[in-house]
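Dear colleague,

Please find the structure below, handed over for your reading.

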Amino acid sequence: MDPDIDTELASGTYYIEVNAPVKVYLRVDGALSVRATMERVVFEFDTSTVLVGARSYHHHPAATVTTTADPKDVLTALSVLSSALKTTTCERSYPTLRGHPPTIELGDELQIPDEITRAQTGIRFELPLSLQMAYVAAPLAYYLGAEMVPGDSPRLVADGFEYGFSNTTVEQGIERVLKQTFFLDCLTRTEGYYQVDLYEREQADLELDFEELYEMPITEQLPAYLSVPFDRIEPLLPQWPLTAHVSPTPEQVTAIPFIVHDLGLIRMPQSSPASADDIASFVLESFLGRTRGESDESPTFVRPEPTDSLEQAWFTDHVPLNATKALPQAFRNKLEREPKTGAIDISVVCNDAEMAADEQVEQAYRSRDELALDVTTHYDLSTTELRTVLESDLDFFHYVGHIDGNGFRCHDGWLDATTLTSVGFPTFLLNACQSYDQGVELIEGGAVGGVVTFSEVVDDGAARLGYSMARLLNLGFPLRVALALARRESIVGSHYIVIGDGSADVVQVDLGVPMICDIEPTGERYDVTLLTYPSREGKIGTMVDPLIETNDHYFLVPGSLRTFRLSAEAVRNYLLWYQLPVRKEGQLIWDDDPL
């Protein structure tokens, strides 16, 4: 299809929404023309009066709540996380109308700032007094604006309606209610401000009057939603972005607001010890047997209980396999960082003359001409020179070289990250053997998220993974998604792990959400499936409208969209319009013409 648009709209009242670093709204009364090309979008009005409005995204907490370790106080503190909701209607399923909850600290008494007011929805969430129940229930209570109060058994109470969690495990029951309520809100909201043709609503074929539901208060919507059998909607649910495994200890209450901000699910940690069958024997042997200081203890590896979420985050002891090792300091660092303006500064350090991947990596970061990127590559740095880079004000640090128990290996010795005054960058990739410990120290020093290894890695495999990571990060993929995709491209992919905040990214994605294009040849045509992922601005609940011929629907993010059967010309036109990574027959293809 032709990506250029030239449309004339008759006189009327129009509202234009522009998704930019600041959300901008325009209202115009009159005729309107829209011309869009691959470079720009131009609006022309036949009137000199245009009303302009703007609002910022709510990425920072408004205040801090203090609670004791008493479960009753914790219930009260977690109840006010819903103060960040911008509305209690079904439109709260839009991510921009779910703000960042207030942070929580442990203290000697319960203190809730006067400016923090819990959402008033009339829903009560009764829970047995335990930190375990409080943590697991927090995301659902936040989304429903429910007041969490002590009770004999877990149940939701709303205007005469009661819903208990006795038929399934409490964790599974709470997860299902959150997913079901959220999903049906997404369907109901199509009767409101954005009356679009939503694919999931059409496919659901539910006996619900969405027009009537839209006008109902949340206390009446909830029983109607929960009357629908879960298995009727389960195949259509967006893929949930996060499942967090959180220990029921008082200290972990500080992590709950950050999980809730992503609308993550919370589970109690369930895992099994990692064995030689989980990863190759030499991986564990090389990591556990490496030279370390006498005071160090070798970490224990665990395999978290599997989920169907995009990311698992492990907020407890030990090192998880195929999951993010969430570090509380990372989230505090994220809040303290000020937004930067100007070019994106990336430093690539190659301290291994035998690894030639540095040139390819630099080219990967420069692959988007429209981005203002300042990429600097350093070779064979000394300890002093590397310290300068690590403490510089950067956006991303990519290291290729050697790391061991003493730190980063340089030509004149080793640099231990524990000796840094500060860490100047939020995100990093340490493409070196056994980089886990040094990566943790970078987080403790000020970074937000990074990719590290917990074993020896083969140079060729590391180079291939590093190149794929660079390309994906440059397209706006967050760390957790970029690593998940890049892992499949290298035999050493399972040796890497995300630490800190897995949602951290390097650049803002063009399309609002990152996408990957799966292509399968079928004779003279191609089956094309788009997979969407959450981003900084495009969290769960965002909608996308792919400009593909034969498509006339919007789809919920994240997850796999429907499969389109297209001609080669249509595929090429789509990839010309959007810069998407292409996966053909299971392999990432970076050629200009992947067909």
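In which helix is the place of Glu-211? Glu-211 belongs to helix H5, residues 210-214; helices (H or I, at least four residues) and strands (E, at least two) are DSSP runs numbered from the N terminus.

This is a predicted model, in which local features need pLDDT of at least 70 and side-chain atom pairs count only at pLDDT 80 or more, while totals for chains, interfaces and linings use all residues. Residues are numbered from 1 along each chain as its sequence is written, and side-chain values use heavy atoms, with hydrogens and water left out.

Surface charge

Glu-211 counts as exposed because its relative accessibility is 57%. Here buried means under 20% relative accessible area, exposed over 50%, and partly exposed in between (1.4 Å probe, protein chains only). Together with Asp-159, Asp-209, Glu-212, Glu-215 and Glu-220, Glu-211 makes up a patch of negative charge on the surface. Patches are made of residues with over 30% relative accessible area and no salt bridge, like charges being joined within 9 Å and nonpolar side chains (Val, Leu, Ile, Met, Phe, Trp, Tyr) within 5 Å. Asp and Glu count as negative and Lys and Arg as positive; His and the chain ends are not counted. Each charge is placed at NZ of Lys, CZ of Arg, CG of Asp or CD of Glu. Accessible areas come from the Shrake-Rupley method with a 1.4 Å probe, and for residues only the protein chains shown count as cover.

Backbone features

Most residues other than glycine have a negative phi, and most peptide bonds are trans. Asp-159, a member of the patch, has a positive phi of about 50° and lies in the loop between E9 and E10. His-318 also has a positive phi, of about 80°, and is located in the loop between strand E15 (311-315) and strand E16 (319-320). The peptide bond from Val-557 to Pro-558 is cis, with omega near -5°.

Buried parts

Helix H6 (residues 218-226) is largely enclosed by the rest of the structure, because seven of its nine residues are buried. Among the elements that cover these buried residues are helix H2 (131-144), strand E7 (123-127), H3 and H5. Lys-179, in helix H3 (residues 170-188), counts as buried at 10% relative accessibility. Leaving out residues up to four places away in sequence, Lys-179 touches Phe-230, Leu-237, Trp-240, Leu-265 and Asp-308, where contact means heavy atoms within 4.5 Å.

Salt bridges

A search of the whole structure finds 19 salt bridges, each defined as a side-chain nitrogen of Lys or Arg within 4 Å of a carboxyl oxygen of Asp or Glu. In one of them, Arg-267 pairs with Glu-175, with the closest N and O atoms 2.7 Å apart. This pair links distant parts of the chain, 92 residues apart: Arg-267 is in strand E12 (residues 265-267) and Glu-175 in helix H3. Arg-267 and Glu-175 are both buried. Arg-267 also meets Glu-305 in a salt bridge (3.4 Å, N to O).

Arg-480 and Glu-311 form another salt bridge (2.3 Å, N to O). Arg-480 is in helix H15 (residues 479-487) and Glu-311 in strand E15, so the pair ties together parts that are 169 residues apart in sequence. Both of these residues are buried. Finally, salt bridges that share partners join Arg-124, Glu-126, Arg-155 and Glu-162 into one network.
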